[in-house]
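Visitor: I am new to this structure and would like to learn how to read it. Could you walk me through it, one feature at a time?

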Amino acid sequence: MSSLSTFSSKPNVKPPQKGSFPLDHDGECKEFMIKYMQCLRINKREATKCREQSKDYLNCRMEKNLMLKEDWSKLGLADVKHEEKEKKS
């Protein structure tokens, strides 16, 4: 019965360094996420070939306040061209 006491303590969990990264429950950036995932699938999960799609997805998340706005250079995407491709609704 001593093993039950090990489950009663709370695990030592550290919060993310840059705050929360909320889920996109309403699917506001789903289109961009799908394009990124398709790119990964086509390129055998080689993320470097999908940097434009990654930037589009992260831009959508920043615009919809699903993540804090961050400088592209801090995300390693400063050299990737970005065009406003988001659908206006």
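Visitor: Let us start inside. Which residues make up the largest nonpolar core?

Guide: Keep in mind that this is a predicted model. To find a core, look for buried nonpolar residues joined through their side chains. Here the largest nonpolar core has 11 residues: Cys29, Phe32, Tyr57, Leu58, Cys60, Met62, Leu66, Met67, Trp72, Leu77 and Val80. Helix H3 gives the most to this core, with four residues.

Visitor: What does Leu58 touch, leaving out residues up to four places away in sequence?

Guide: Leu58 touches Met67, Trp72, Leu75 and Leu77. Among these, Met67, Trp72 and Leu77 are also named in the core.

Visitor: I see Ser54 in helix H3 as well. Is Ser54 buried or exposed?

Guide: Buried, because its relative accessible area is 18%, and the cut-off for buried is under 20%. Leaving out residues up to four places away in sequence, Ser54 touches Tyr36 and Leu77. Leu77 is a neighbor of Leu58 too.

Visitor: Let me step back to the whole chain. How many helices and strands does the chain have?

Guide: There are three helices and zero strands. Reading from the N terminus, the order of elements is α-α-α. Buried residues account for 25% of the 89 residues.

Visitor: And what can contacts tell me about the chain?

Guide: Take the contacts between residues at least 6 apart in sequence, and ask what share joins residues at least 24 apart. In this chain that share is 53%.

Visitor: Next, the cysteines. How many disulfides are there?

Guide: The general idea is that a disulfide is a covalent bond between the sulfur atoms of two cysteines. The count here is two disulfides. One of them joins Cys29 and Cys60, with sulfur atoms 2.1 Å apart. This pair links distant parts of the chain, 31 residues apart: Cys29 lies in the loop between helix H1 (2–8) and helix H2 (30–42), while Cys60 lies in helix H3 (residues 51–63). Both Cys29 and Cys60 are buried.

Visitor: Why is the disulfide of Cys29 and Cys60 called left-handed?

Guide: Look at the torsion about the S-S bond: for Cys29 and Cys60 it is about -90 degrees, so this disulfide is left-handed.

Visitor: Which cysteines form the other link?

Guide: Cys39 and Cys50 form a disulfide, and their sulfur atoms are 2.1 Å apart. Cys39 sits in helix H2 and Cys50 in the loop between H2 and H3; the two are 11 residues apart, and the pair links distant parts of the chain. With -95 degrees about the S-S bond, this link is left-handed. Cys39 and Cys50 are both buried.

Visitor: How do I write down the pattern of the disulfides?

Guide: Count the bonded cysteines along the chain, and the pattern reads 1-4, 2-3.

Visitor: Now for charges. How many salt bridges are counted?

Guide: In general, side chains of opposite charge can pair when their charged atoms come close. Five salt bridges are counted in this model. One of them joins Asp79 and Arg51, at 3.0 Å from N to O. It links distant parts of the chain: Asp79 is in the segment after H3 and Arg51 is in helix H3, 28 residues apart.

Visitor: Are Asp79 and Arg51 exposed or partly exposed?

Guide: Asp79 counts as exposed because its relative accessibility is 58%. Arg51, at 25%, counts as partly exposed.

Visitor: One last stop. Which residues form a nonpolar patch on the surface?

Guide: Met33, Ile34 and Met37 form one, with about 230 Å² of accessible area together. Met37 is placed in helix H2 and counts as partly exposed, at 39% relative accessibility.

Technical notes. Residues numbered from 1 in each chain as written. Predicted model: local features only at pLDDT ≥ 70, side-chain atom pairs only at ≥ 80, totals over all residues. Heavy atoms only, no water. Buried < 20%, exposed > 50% of the residue type's maximum accessible area, 1.4 Å probe, protein only. Contact = heavy atoms within 4.5 Å. Disulfide = S-S within 2.5 Å. Core = buried A, V, L, I, M, F, W, Y, C linked by side-chain atoms within 4.5 Å. Salt bridge = Lys/Arg side-chain N within 4 Å of Asp/Glu carboxyl O. Patch = residues over 30% accessible without salt bridge, like charges linked within 9 Å, V, L, I, M, F, W, Y side chains within 5 Å. Areas by Shrake-Rupley, 256 points an atom, 1.4 Å probe, with all protein chains shown as cover.
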